[in-house]
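I opened the notebook to look up a few things, going from the whole chain down to single residues. Here is what I had on screen.

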Amino acid sequence: MDELKQLFPDNIDEAVDILLSELSFKNKTKIANMSEVDLIKLNMSYGMYVRNEFRLLGNDSLLASCGAYAGVNTISPEQASYIIIKELWEKLQNSNVLKVVK
């Protein structure tokens, strides 16, 4: 049952924690160093992975969590994956991953 719960998170925090556990240090660093605008591009590729892995189309509890975060009643899987990716990015911004110094 725990394995099933890990595959299908109920909320944004669980989804972000799963992604953090799966990403390599190199990829965490890449995401942390992206601009917020680059997250839209990332959602086109990595977002598809997020939507499929967390079964966003049908994972009503995770969609509801993303909708509540965005302050909307209905949300598409594409919008939800962007919110999850943005939360992942924000969490990485506050972590100890390497950041490019300009």
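Before counting, I noted that helices here are DSSP runs of H or I with at least four residues, and strands are E runs of at least two, numbered from the N terminus. I also noted that this is a predicted model.

**Entry 1, the overall fold.** I counted 6 helices and 0 strands in the protein. Reading from the N terminus, I wrote the order down as α-α-α-α-α-α. I then checked contacts at a separation of 6 or more, and 72% of them come from residues 24 or more positions apart.

I got about 6,400 Å² of accessible surface for the protein, with 56% of it belonging to carbon and sulfur atoms. Of the 102 residues, 37% count as buried.

I found Ser81 in helix 6, which covers residues 77–93. Is Ser81 buried or exposed? Its relative accessibility is 0%, so I logged Ser81 as buried, the cut-off being under 20%. Which residues does Ser81 touch, leaving out those up to four places away in sequence? My list reads Asn43, Gly47, Val50, Arg51 and Leu56. With Arg51 there is also a polar contact between the side chains, at 2.8 Å.

Next I went to helix 3, residues 25–32, where Lys30 is found. Lys30 has 48% relative accessibility and therefore counts as partly exposed, since exposed would need over 50%. Last, I looked up a distance: the C-alpha atoms of Lys30 and Leu92 are separated by 9.9 Å, with the two residues 62 apart along the chain.

Terms used:
Residues numbered from 1 in each chain as written. Predicted model: local features only at pLDDT ≥ 70, side-chain atom pairs only at ≥ 80, totals over all residues. Heavy atoms only, no water. Buried < 20%, exposed > 50% of the residue type's maximum accessible area, 1.4 Å probe, protein only. Contact = heavy atoms within 4.5 Å. Areas by Shrake-Rupley, 256 points an atom, 1.4 Å probe, with all protein chains shown as cover. Polar contact = N/O pair within 3.5 Å; in protein donor to acceptor, adjacent residues only side chain to side chain.
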